Amino acid sequence: MRLLDSHLHLWDPDRFDYAWLEGPLRARFAVHELRASAIRGFEEQAAVFVQAECAPTQWVDEAWWVAGIAAETGVRGIVAAARLDRGDETATQLAVLADVPLVVGVRHLLQGEPDGLATSPAFLDGAALVAERGWTFDACVRAPQLPDVAGLAAAVPELLIVLDHLGKPEVGTADAPRSPGAAWLRDLDALAAHPRVSCKLSGLPAEAGGRWDAAQVVPFLDAALEAFGPDRLMWGSDWPVSAVRPVPAGAAGRDDTDAIVAAGAREAWARTVATWAGDRGLDVDAVLWRNAERLYGLR
């Protein structure tokens with residue numbers, strides 16, 4: 001089997017500034033660390049890098065850094081950071097990024113932005129510029145923001161939108177699982193009605209705080225399949241964010257507030273999605289490789 005990771009992060013706090021990093025994630029995750037998290041049993045592996053929210057002044061440098069280590073990390077496409085609501089500044093950012101090898105899309109991180117930003121006139125102008133370049137836009141939002149993404153899709157119908165992490169629904173934990181909520185299901189269906197929107201099967205382990213199992217997440221995968229169909233779904237690891245797992249209380253002197261980046265977490269998520277796709281009679285290669293390759297326009 002082949003595995004194209006549609007949502008891989010790489011970062012190095014010694015090289016770039018990341019205000020949001022803390023705990024076990026405040027370490028380097030690059031060539032060596034990714035090799036240590038290689039997934040067994042897949043003869044061909046590749047990835048799409050998604051911006052890691054370093055300081056805005058470093059966004060272009062981040063894209064160039066990843067392009068420089070692409071051969072060592074298997075990166076075939078870069079989703080770079082850009083603000084889309086800055087008018088001429090946005091146009092300049094996109095033009096500069098166009099010179100970086102492997103850039104196939106951008107992400108303006110929306111999950112912390114005020115409601116309505118994605119449908120503001122300035123943002124829509126920036127989104128139209130992204131569409132003109134034939135690039136994708138990665139939409140990383142929380143579940144209540146899904147209608148904003150649907151509004152963006154309606155306003156700029158030519159834009160290819162990739163929904164990160166199924167819109168971050170509340171999934172609970174393995175010990176206290178949550179069923180898919182009615183509002184999330186409704187809003188996911190409304191977003192999927194726009195044919196140029198696709199969805200990443202990613203991020204649910206992080207939403208569960210590292211406490212997840214297959215039975216817990218399968219209903220959410222089923223909901224994404226029902227909404228988007230098999231041709232607009234792609235697997236992503238969200239590594240290393242979704243590889244953080246809590247440490248049991250009392251283990252090696254730690255308490256239950258401690259966490260580690262588990263080496264096998266990326267593989268566990270890949271196998272969970274592959275098994276689910278096979279059980280549903282889907283084309284597993286499409287979910288694990290071809291859909292991401294096509295939707296990101298990878299060569």
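Histidine 165 is buried, with a relative accessible area of 4%. This is a predicted model, and the values I quote are computed from it. Histidine 165 sits in the loop between E6 and H7. Its phi is near 60°, a positive value in a residue other than glycine. Leucine 166 is found in that loop too, between E6 and H7, and has a positive phi of about 55° although it is not a glycine. At 0% relative accessibility, leucine 166 counts as buried. For context, most residues other than glycine have a negative phi, and most peptide bonds are trans.

On the peptide bonds, there is one to point out. Tryptophan 239 and proline 240 are joined by a cis peptide bond, with omega at about -5°. Proline 240 lies in the loop between E8 and E9.

Now the strands around E7. Strand E6, residues 160-163, pairs with E7 in the parallel sense over three bridges. Within that pairing, isoleucine 161 has valine 197 of E7 as its bridge partner. E6, helix H7, which covers residues 182-192, and E7 make a right-handed β-α-β unit. E7 is also joined by three bridges to strand E8, residues 233-235, and these two run parallel. There, cysteine 199 stands opposite leucine 233 in E8.

How well covered is E7 itself? The strand spans residues 197-201, and five of its five residues are buried. In a regular strand the side chains alternate between the two faces of the sheet. Here both faces are covered: Val197, Cys199 and Leu201 are buried on one side, and Ser198 and Lys200 are buried on the other.

The cut-off for a disulfide is 2.5 Å between the sulfurs. Cysteine 199 is buried, with a relative accessible area of 0%. Cysteine 54 also has cysteine 140 as the site of its closest cysteine sulfur, at 15 Å, so a bond is ruled out by distance there as well. Cysteine 54 is buried, at a relative accessible area of 3%.

The largest pocket holds about 610 Å³. Of the 29 residues that line this pocket, the closest to its centre are Trp20, Leu25, Lys168, Ala206 and Val241. Helix H8, residues 204-207, and strand E9, residues 244-246, are the elements that give two or more residues to the lining. E9 gives the most, with three residues. By type, the pocket lining divides into 11 nonpolar, nine polar and nine charged residues.

How many cavities of 30 Å³ or more are there? The count comes to one. The largest cavity has a volume of about 50 Å³. Its lining is made of Leu110, Glu113, Pro114, Asp115, Gly116, Leu117, Ala118, Val141, Gln145, Asp148 and Val149. Those divide into six nonpolar, two polar and three charged residues.

As for E7, it pairs in parallel with E6 and runs parallel to E8, with both of its faces covered.

Technical notes
Residues are numbered from 1 along each chain as its sequence is written. This is a predicted model: local features need pLDDT of at least 70, side-chain atom pairs count only at pLDDT 80 or more; totals for chains, interfaces and linings use all residues. Side-chain values use heavy atoms; hydrogens and water are left out. Buried means under 20% relative accessible area, exposed over 50%, partly exposed in between (1.4 Å probe, protein chains only). Helices (H or I, at least four residues) and strands (E, at least two) are DSSP runs, numbered from the N terminus. Two strands pair if DSSP finds at least two bridges between them. A crossover is right-handed if, with the strands pointing away from the viewer, the path from the first strand over the helix to the second runs clockwise. On a 1 Å grid over the protein atoms alone, a cavity is a set of points where a 1.4 Å probe fits but cannot get out, and a pocket is an open set with protein on both sides within 12 Å along at least five of seven lines; lining residues have an atom within 4 Å of a point. Grid points are joined across faces, edges and corners, and a volume is the space filled by probe spheres set on the points. Ala, Val, Leu, Ile, Met, Phe, Trp, Tyr, Cys and Pro count as nonpolar, Asp, Glu, Lys and Arg as charged, and the others, Gly among them, as polar.
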